[in-house]
Each structure stands twice: as structure tokens, then as C-alpha cells.
Amino acid sequence: MDDSDPLSGIRLDGLALRAPCAADAGRIADLANDYEIAKMTTNLPFPYRRQDAEAFFARMEAADRAREAVFVIEDAAAGPVGMIGFHVSGTLGPEIGYWIGRPFWGRGLATRAAGAALAWASQTWRRKVVVSGHFADNPASGRVLEKAGFLYTGEIQRRRSVARGAVAPTRMMVWLA
Ligand SMILES: CC(C)(COP(=O)(O)OP(=O)(O)OC[C@H]1O[C@@H](n2cnc3c(N)ncnc32)[C@H](O)[C@@H]1OP(=O)(O)O)[C@@H](O)C(=O)NCCC(=O)NCCS
């Protein structure tokens, strides 16, 4: 298997980032079916059903791995706790996105997952620049990104949230390997 393939997975103490499989769909849908999560993302619909997870996994399975990489975040004790991934949109570099299920917030999981995903992106995927953006009313995600080494660019984009059905000011950030 190609090393840059997300299916190879990333393992660190007590936490793994690995490719989603069909058996994850129910658990991932249960966790993602939460407006407090969906409203902070651009793409997650609300409600989020098992079929949404299955369709997403199928799309990712067929995706160009040079442009998309997606991982289930799996805690050794708790099992799948969220997802993290990259997609190439603009020209600067891939964009990172993630969510953690609400029962697992505040344990440092997003910060650890982001650190591991960025290490994979730079060392294995050979990306030197990663961008991200968080809605202005989501300071927790800004904090995760700051802790992972992102800096604010000063740019505020207006991005649409599917779950909100509205656009929201989005603070853009950048990370350099
Ligand atoms: C944002 C999210 C990923 C954080 O996950 P998490 O595992 O709880 O994050 P961590 O524990 O690694 O770190 C959270 C940090 O945010 C801080 N934080 C939490 N709520 C905050 C708030 N309202 N204002 C400012 N900082 C806040 C925490 O104190 C912590 O920082 P610290 O370590 O300096 O104390 C999670 O809440 C989530 O999935 N939210 C919904 C989806 C989402 O926002 N995705 C990102 C879209 S850009």
C-alpha cells in the first residue's frame, strides 16, 4: 500500500487516525447528528443520518487521494470519536476540517488529532501549506488551530453553512510545515 494513502493510518499513543469503513457509519452518524456540531461546519447537514455517513464514505473511497484525505479519529478506549480530513480547494494548499462528538469535547482530542494529521500531511502527503477557517462564533476551533500552529491571515471570508442555511463570517488561518 502507498504510504501516502490514508488507508495506511496514523497511530499515536491511545489515538488513531484511520480510513473510515462501512461499520463506522452508525456510530459516526450518531455523533454527527448534533446541531451544535453541524452549525460550526460548512458541509455537515442536520439532521445527519446513517445514509449521510455511508454516502460520504463512498464518495471519499472513490475520491482522488491527491486531493482528499479523510480519517476517523479513534480513541483506544472510547472507539470512534470524530473525523478529520483535508480537501484541496484553492491554490494555496489543502484545507483541514474536523469535528469531535460532543461527549468527547474538552479532552484535547481535536488538538492531538490535528497535530497528527498535520504531521502526516507534511511528512507523508508532502504538503507544505495547509489552510483552515473557522466561523467567527466558534472560538474553540480557533483555539484548536492556534494550538496546532496555525496563524490568522486577517482574511474574513463569508462561507455558507449547510446546517445553518446561512452564510457566516469565517476567520481564515494558515499553517506552514
Ligand atoms: C471545536 C472542536 C473540534 C474542539 O474539540 P475538542 O476535542 O474539545 O478540542 P480540544 O480539547 O483539543 O481544545 C479545545 C480548546 O478550545 C478551548 N475552548 C473551548 N470552548 C471555548 C470557547 N467558547 N472560547 C474559547 N476557547 C474555547 C478549550 O479551552 C481548549 O483550549 P485550551 O486547551 O487552551 O484550554 C469541537 O468542539 C467540535 O467538534 N465542534 C463542532 C465542530 C467544529 O467546530 N469543527 C471545526 C470547524 S472549523
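**The ligand and its shell**

Modeller: The ligand is surrounded by 22 residues, the closest being G106, T111, N138, R143 and K147; a residue is near if one of its heavy atoms lies within 4 Å. This is a predicted model, in which local features need pLDDT of at least 70, side-chain atom pairs count only at pLDDT 80 or more, and totals for chains, interfaces and linings use all residues. Residues are numbered from 1 along each chain as its sequence is written, and side-chain values use heavy atoms, with hydrogens and water left out.

Colleague: Which polar side-chain atom lies 2.7 Å from an oxygen atom of the ligand?

Modeller: A polar contact is a pair of N or O atoms within 3.5 Å. Here that atom belongs to N138. The ligand exposes 970 Å² when taken alone, and the protein buries 70% of that area (Shrake-Rupley method, 1.4 Å probe).

Colleague: Which element gives the largest share of the shell around the ligand?

Modeller: Helices are DSSP runs of H or I with at least four residues, and strands are runs of E with at least two, numbered from the N terminus. In this model α5 gives the largest share, 6 residues.

Colleague: Where does P47 lie?

Modeller: Most residues other than glycine have a negative phi, and most peptide bonds are trans. P47 lies in the loop between α2 (35-38) and α3 (50-62), and a cis peptide bond, with omega about 0 degrees, joins F46 and P47.

Key:
A polar contact is a pair of N or O atoms within 3.5 Å; within protein, one must be able to donate a hydrogen and the other to accept it, and residues adjacent in sequence count only if both atoms are side-chain atoms.
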